[in-house]
Amino acid sequence: MSIQAIIFDCFGVLYNDAFKDFLQRNAKSINGNEGYYYDLANKSDTGQISDDEFYNALQEVSGEDPVALKREFHDTHHVNQGLVALIRQLKPRYKIGMLSNSGRAMLDEFMAEHKITDLFDIVIASSETPFIKPQREIFELIADRLQLPLEDLYFVDDSATNTFAAQSYGMHVHTYVSVTELHGALQKEGIL
């Protein structure tokens, strides 16, 4: 194995995922139509709809004020300090990237707020591209920007769909559950 870079997802890995919390909280109103709301999130993440359109759609199912929802999504994101410490440990030996299905402004705001911008050699938000995970093209884009083949990348995401796809493209992967589990997986792979 010749791992040269480790790529992290943002929401659900580096930050908790307020969108998933919203879906769980409104499960009765959503009534099994989570796919529709994930599709809306994907459209927002790729710039097909605006933030206002996204939060207005969430208001329709929840009855909550769109401005309050947007603030909640921002305010309830907490940085995973254990993962930040692990990334700092990895940084001297590996290129570090972030690949997120989200808007770039949101990522930049969170990274600046938590003073972690310096941890990443490359950050790609899906809103900057016509692609979203798990499409092969977005993985190829980050590999190209890192000037590495897909086979030299180790990808960490909380979505098994995304890690399964990345693995099928030749990447090394880990489906994130906890920092402790990730630490063990990296040790087992000889990365730590």
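This is a predicted model: local features need pLDDT of at least 70, side-chain atom pairs count only at pLDDT 80 or more; totals for chains, interfaces and linings use all residues.
The strands form an open sheet of five, in the order β3-β2-β1-β4-β5, with parallel pairing. At the edges of this sheet stand β3 (122-125) and β5 (172-175), each of which has a single partner strand, so that one side of each is left without a neighbour in the sheet. From one strand to the next the twist averages 15 degrees. Strand β1, comprising residues 5-8, pairs with β2 in the parallel sense over four bridges, and within this pairing Phe 8 has Met 98 of β2 as its bridge partner. Helix α7 packs on the sheet, where it touches β2 and β3, and its direction makes about 140 degrees with that of β3. Helix α8 (residues 136-146) lies across β1, β2, β3 and β4 (153-157), and runs at about 155 degrees to β3.

The loop between β2 (95-100) and α7 (104-113) is the place of Asn 101. This residue counts as buried because its relative accessibility is 18%, which falls under the 20% limit. The side chain of Asn 101 reaches the backbone nitrogen of Lys 133 at 2.9 Å; when neighbours within four places in sequence are left aside, Asn 101 is in contact with Asp 45, Ser 126, Ile 132 and Lys 133. Lys 133 is in turn linked with Asp 9 and Asp 157 in a network of salt bridges.

Because Asp 121 lies in the loop between α7 and β3 and Lys 91 in the loop between α6 and β2, the pair ties together parts that are 30 residues apart in sequence. Asp 121 counts as partly exposed at 43% relative accessibility, as does Lys 91 at 25%. The side chains of Glu 128 and Arg 104 likewise meet in a salt bridge, at 3.1 Å from N to O, which links the loop between β3 and α8, where Glu 128 is found, to Arg 104 in helix α7, 24 residues apart. Glu 128 is partly exposed, with a relative accessible area of 40%, and Arg 104 is partly exposed with one of 25%.

Terms used: Residues are numbered from 1 along each chain as its sequence is written. Side-chain values use heavy atoms; hydrogens and water are left out. Helices (H or I, at least four residues) and strands (E, at least two) are DSSP runs, numbered from the N terminus. Buried means under 20% relative accessible area, exposed over 50%, partly exposed in between (1.4 Å probe, protein chains only). A polar contact is a pair of N or O atoms within 3.5 Å; within protein, one must be able to donate a hydrogen and the other to accept it, and residues adjacent in sequence count only if both atoms are side-chain atoms. Contact means heavy atoms within 4.5 Å. Two strands pair if DSSP finds at least two bridges between them. Axes are lines fitted to C-alpha atoms, for helices over the stretch in contact, and angles run from 0 to 180 degrees between N-to-C directions. A salt bridge is a side-chain nitrogen of Lys or Arg within 4 Å of a carboxyl oxygen of Asp or Glu.
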